[in-house]
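Have the sequence and the model open beside you, and try each task before reading its solution.

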Amino acid sequence: MRTIMADAGWLESVKRLKGVILDLCGVLYDSGEGDGVAIAGSVDAVKKLKSSDLKLRFCTNETQATREKFVAKLQRLGFDISVSEVFSPAPAVIAVLKERGLRPHLLVYDGLLPEFDIVDQTNPNCVVIGDAAEKFSYQNLNDAFRVLIDLEKPVLFSLGKGRYYKETDGLKLDVGVYMKALEYACDLEAEVIGKPSQSFFQGVLNDMGLQPHEALMIGDDLVNDVGGAQHCGMKGIQVRTGKYRPSDERHPAVTADGTVDNLAQAVDMILDHRRH
């Protein structure tokens, strides 16, 4: 076990805590072949949180499957999770598209396409980009570029802006890399739906009925999980699993309120401090 890094402010905040928000990939499990692999201790950690007096939600930038299929995978891995507890970018961007009367050209993973069946996609007047994995071909990126460059007021939505994530066979490029390519080519700035967007985190807090200072975010991504939560007014804890890199603890712009080995350690720390 490594030393738990935390400051006095984080320790004190645990006593006032009313809710916890967990990232999924890299915190609960590592994605990969089949359903992926649950990270040691994470299934029990979720059980402990659910049996406590704390509210619990799950916040993910996962965009390779519908929420229903994604949650079913997590349930097969042993997690007690329901669809209503999971917040992901696709439903959020669909609400924005409907509100603004936008028709998207989609550059997303095939498994996510059913989420958009309720949205008009004829004669697109915006582009939605998600973690399309192998669908990020030159042709598909160029098709998205052509839609944007032909619009008088191009609109690009990105379902997150992560640089990379971890699967069981190693690190993989994430959607943010391709988002930046389209931003550069079209001289525009994408609207990010998902972490680290403040409105995305606020939506989760609204569902929990909590103020930012009453909630805590636990994630493996220092910038998008921890930094995004902190920008919203929450405390942010980083786990040394998933995409965590030792250099994160020397990041020039974002400092986690606490850094722990894994979710199990974080949960034990939270519950222990609440008892004493």
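**Exercise 1. Find out what the accessible surface of the protein comes to, and what share belongs to carbon and sulfur atoms.**

Start with the method: areas come from the Shrake-Rupley method with a 1.4 Å probe, and for residues only the protein chains shown count as cover. The accessible surface is then about 12,700 Å². Of this, 49% belongs to carbon and sulfur atoms.

Before going on, note that this is a predicted model, in which local features need pLDDT of at least 70, side-chain atom pairs count only at pLDDT 80 or more, and totals for chains, interfaces and linings use all residues. Residues are numbered from 1 along each chain as its sequence is written, and side-chain values use heavy atoms, with hydrogens and water left out.

**Exercise 2. Compare the radius of gyration of the protein with that of a compact globule.**

First take the rule, which works over C-alpha atoms: 2.2 Å times the number of residues to the power 0.38. For 276 residues this puts a compact globule near 19 Å. The protein has 19 Å, so the two agree. As for its outline, the C-alpha atoms fill a box of roughly 60 × 35 × 35 Å along the principal axes.

**Exercise 3. Work out the order of the strands in the open sheet of four.**

Begin with the inventory: nine helices and 15 strands, read as DSSP runs (H or I, at least four residues, for helices; E, at least two, for strands) and numbered from the N terminus. Two strands pair if DSSP finds at least two bridges between them. The order is β7-β8-β9-β12, with parallel pairing. At the edges lie β7 (104-107) and β12 (191-192), each pairing on one side only. Further in, β8 (residues 126-129) and β9 (residues 156-158) share three bridges, and I129 has S158 as its bridge partner in β9.

**Exercise 4. Is S31 buried or exposed?**

Locate S31 first: the loop between β3 (29-30) and β4 (37-38) holds it. Next, apply the cut-offs: buried is under 20% relative accessible area, exposed over 50%, and partly exposed in between (1.4 Å probe, protein chains only). S31 has 8% relative accessibility, so it counts as buried. Finally, list its contacts (heavy atoms within 4.5 Å). Leaving aside residues up to four places away in sequence, S31 touches C25, G36, Y165, K166, E167 and T168.

**Exercise 5. How many residues of strand β14 are buried?**

Strand β14 spans residues 235-239, and four of its five residues are buried. Its parallel partner β13 (residues 215-219) joins it over four bridges, where L216 stands opposite K235.
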